[in-house]
There are 2 protein chains.
Amino acid sequence: MAIESDRILIAHGGGGSAMHELVREIFVPTFNNQFLEPLQDSAVIDELAEDRLAFTTDAYVVRPLFFPGGDIGRLAVSGTVNDLAMAGARPLYVSLSVIIEEGFPVEQLRTIAASIKDTADQARVKVVTGDTKVVEKGAADGIFITTSGIGIIETELEIASDRADDGDAVIVNGYLGDHGIAVMSKREGINFKSEVQSDVAPLSGLVQEILDADIDIHVLRDPTRGGAAAALNEIAESSEVGIRLHAAKIPVRPEVRSACDILGLDPLYVANEGKLIALCPLGQARKLLTLLRKHPLGKSAAIIGEVTSEWLGNVIMETEIGGTRIVEMPYGEQLPRIC
Amino acid sequence: MAIESDRILIAHGGGGSAMHELVREIFVPTFNNQFLEPLQDSAVIDELAEDRLAFTTDAYVVRPLFFPGGDIGRLAVSGTVNDLAMAGARPLYVSLSVIIEEGFPVEQLRTIAASIKDTADQARVKVVTGDTKVVEKGAADGIFITTSGIGIIETELEIASDRADDGDAVIVNGYLGDHGIAVMSKREGINFKSEVQSDVAPLSGLVQEILDADIDIHVLRDPTRGGAAAALNEIAESSEVGIRLHAAKIPVRPEVRSACDILGLDPLYVANEGKLIALCPLGQARKLLTLLRKHPLGKSAAIIGEVTSEWLGNVIMETEIGGTRIVEMPYGEQLPRIC
C-alpha cells in the first residue's frame with residue numbers, strides 16, 4: 001500500500017482511509033513501538049505507575065473558532081479528555097500549546113482561555129503546562145490549539161477497538177451529527193429553522209459512571225472526524241468482526257437530518273464531539289442503556305446495532321425498507337476543519 | 001499590569017517579557033493551579049506515581065523547516081526532551097501532533113518523520129501517540145509540530161528556576177547563539193565564510209550524567225527563545241538573586257560573533273537548542289565543568305558567571321574593559337519563528 005499522492009491532501013487529515021494510509025505508511029513503521037502500534041487515540045503505558053497511564057494528543061484547527069454550542073477551547077479540552085476516557089482512563093492533566101496568528105484579538109484569546117478553563121473544570125482536569133507561539137500574519141489561520149492529556153486507568157478492563165465480540169450490542173449515547181452540522185451551518189451562514197447546537201462536551205463523568213457500574217465494556221469510541229461510520233469501521237476492522245446497524249434505530253435530530261439532506265451529507269459520516277459508541281455483551285446492554293439515559297449526556301441513548309460473525313471487517317446497515325447496504329469507511333472527512 | 005496591545009504581536013510568542021505578560025495575565029489566573037503556577041517549562045506532578053512525573057508541551061513553527069545542523073523534526077523532539085531534562089527528569093514518552101498545509105510534499109513529511117525517529121532514539125524516548133490535521137492551502141505555513149513529553153524525576157533534587165543561591169556558579173555547556181544564526185543565515189540566504197550549524201540536540205544523556213555525578217544542581221535551564229539573556233533573567237527574577245556574567249568568559253564562536261555583528265544581534269539574546277545553563281555551588285563547579293567537557297555535547301563548557309546578593313532580580317555583565325552593564329530581559333525574540 002502506497003500513498004497515492006506525492007502531496008498532502010485535505011483528506012489526509014480527515015480521519016478516514018486516506019489518513020490511516022498516511023499514518024500506517026509513514027508514522028507507524030518509523031516510530032515502531034508497542035505503545036503506538038495499537039493505533040488507539042490514547043497510548044496506554046503500563047510500565048510507569050501502579051495504574052496504567054493513558055497519554056493522548058490532538059490538534060484543533062476548527063473553523064470558525066466560535067460555533068453554536070461551543071468554541072475551539074471547549075473542543076480542545078473535550079476532544080482530548082474524551083480520547084482518554086475512551087481508553088477507560090480517568091483524565092487528570094492537560095497541556096495546552098497554542099499557535100497564534102499575529103494580529104489575533106487578545107479579547108478572543110481571553111474568551112477561549114475562559115472556555116478551556118470551564119470545560120477543564122467540568123471534566124475535572126487541570127491545565128498544568130503550556131506553550132505559546134506566534135507566527136506572522138497569513139502564516140496561520142487565527143489560532144490552532146494542541147492539547148495533550150494524561151489519565152490513569154483504574155479499571156481492570158481492557159477497553160480497546162480490537163475487543164469487539166460476536167453478539168456485542170452497539171450503543172450510542174445520543175443524537176449523531178450535531179457537531180458537524182452546527183459548525184457547517186455557522187461556517188456557511190446557513191440558517192435552519194431551529195439552530196443546531198454542537199454536542200461538544202467532556203464525556204469523562206459519563207464514562208466513569210459506566211465503569212463504576214461494573215459493565216463488561218469491550219469497546220469505547222468517540223465518533224469524531226469521519227463520524228460513526230469511520231469509528232465503527234475501525235472497530236470492525238481491528239476486531240475482525242462484522243457490525244450490523246439498524247437504520248430505524250439511529251438517533252438523528254430531524255433538523256440535522258434535513259440539514260444533511262440539503263448539504264448532501266449522511267449523518268453517519270458527520271463528526272460528533274460529545275458522543276461515544278460503546279460495545280458490551282448483549283446481556284448487559286439494557287443496564288448500560290438505562291444508566292446512560294439517566295445521565296444528562298445520555299438521555300437519547302440507543303442500541304443501534306450488534307456485532308455479528310458475518311460480514312467480517314465490515315459495517316452493514318439494515319435499511320428501513322428491509323434492504324442491506326455496506327457502510328463504507330470514508331476516504332476523508334466530508335467537512336474539513338471540523339475539529 | 002495589562003497587555004498593552006489588543007492584538008497579538010509577534011513578540012507575544014518571543015519568550016521575553018511580552019510573552020510573560022500574556023501568560024501571566026491570561027493563562028495563569030485562568031487556569032490557576034499548583035502545577036502550572038511555578039511557570040517552569042515542565043509541570044512536575046507529585047501525586048501520581050512513586051517518582052514525580054514531569055509533563056511538558058511545545059509547538060514548533062521554525063522557518064525554514066530544514067536548516068544547517070537540523071530540521072523541525074529534530075527540533076521538536078530535542079526541545080521537548082530538553083524541557084523535561086531541565087526539570088531533572090528522565091524523558092520517556094513523546095506525543096506528536098502535526099498540522100500540515102494542504103499540498104505539503106509527502107517526501108518532506110517522510111524526511112521529518114525519520115528525523116524525529118533518529119532524535120527520539122538518541123534521546124531514548126518513544127513516540128507513543130499522535131494526531132494529524134490538514135488545513136487548506138494558505139491556512140498554515142507548511143507544517144507545524146507540537147510535541148508533548150512525559151518523564152520521571154528519579155533524583156531527590158529539587159531543580160527549578162527559583163533555587164539559585166548566593167555564590168552559585170553559572171555554567172554553560174558550550175557556544176551560545178549557534179541555532180539562531182544557523183536558522184537566520186539559511187532563512188535570509190546569507191553566506192558566511194564557514195557555515196554555522198545549529199546546536200539542536202537532546203540533552204537528556206548529558207543531564208543524566210550530571211545527576212548521576214551527585215552534584216548539588218540548583219537550576220537547569222535551556223536558553224532557547226530569548227537566548228541566555230531571557231533564561232538568566234528568569235532565574236534572577238524567580239530566585240530573587242543577582243547574576244553577574246563575565247563577557248570574556250562567554251563562549252561564542254567567532255563566526256557567530258561576526259554574523260551577530262552584521263545582523264545587529266547580541267549572541268546572548270540568540271536562541272540555542274542544545275545548550276543548558278546549570279547553577280550549582282561554587283565548590284562543585286570544577287567537578288561539573290570537568291564532567292561536561294568530557295561529554296561530546298559539553299566540550300566547550302565554561303563558567304560564565306556567578307550568583308550574587310547585589311543587583312537582586314537582575315543580570316549584569318562585566319565587560320572586557322572593566323565596565324558593568326545590565327543585561328535586560330528581552331521584550332520579544334529578535335528572530336521570529338526560530339523554534
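First, the conventions. Residues are numbered from 1 along each chain as its sequence is written, while chains are lettered from A and ligands numbered from 1 in the order in which they are written. As the model is predicted, local features need pLDDT of at least 70, side-chain atom pairs count only at pLDDT 80 or more, and totals for chains, interfaces and linings use all residues; side-chain values use heavy atoms, with hydrogens and water left out.

I start with the two chains. The same surface serves both copies, since 100% of the contact residues of chain A recur in chain B.

Now the interface. On each side there are 81 residues in contact with the other chain, where contact means heavy atoms within 4.5 Å. About 6,800 Å² is buried between chain A and chain B, and carbon and sulfur atoms give 68% of that; buried area is the accessible area (1.4 Å probe) that two parts lose on being put together, summed over both.

How many salt bridges are there between chain A and chain B? The count is 10, with a salt bridge being a side-chain nitrogen of Lys or Arg within 4 Å of a carboxyl oxygen of Asp or Glu. One of them joins Arg337(A) to Glu136(B), at 3.0 Å from N to O. Over all chains the count comes to 36.

Next, helix α4 of chain A, residues 178–188. Helices here are DSSP runs (H or I, at least four residues), strands likewise (E, at least two), both numbered from the N terminus. Nine of the 11 residues of α4(A) are buried, so the helix is largely enclosed by the rest of the structure. Buried means under 20% relative accessible area, exposed over 50%, and partly exposed in between (1.4 Å probe, protein chains only). The buried residues of α4(A) pack against β3 (66–67), α2 (72–85) and α7 (254–263) of chain A. After the helix comes Gly189(A), with a positive phi near 65 degrees.

Asp178(A), one of the buried residues of α4(A), has a relative accessible area of 1%. Its side chain meets that of Arg253(A) in a salt bridge, 2.8 Å from N to O. The pair links distant parts of the chain, 75 residues apart, with Arg253(A) in the loop between β10 (242–246) and α7. Arg253(A) itself is partly exposed, at 29%.

Asp199(A) is buried at 11%, and Lys275(A) is buried at 7%.

Last, His12(A), in the segment before α1. Is His12(A) buried or exposed? Its relative accessible area is 1%, so it counts as buried. Not counting residues up to four places away in sequence, His12(A) touches residues of both chains, including Leu22(A), Thr132(B) and Val134(B).
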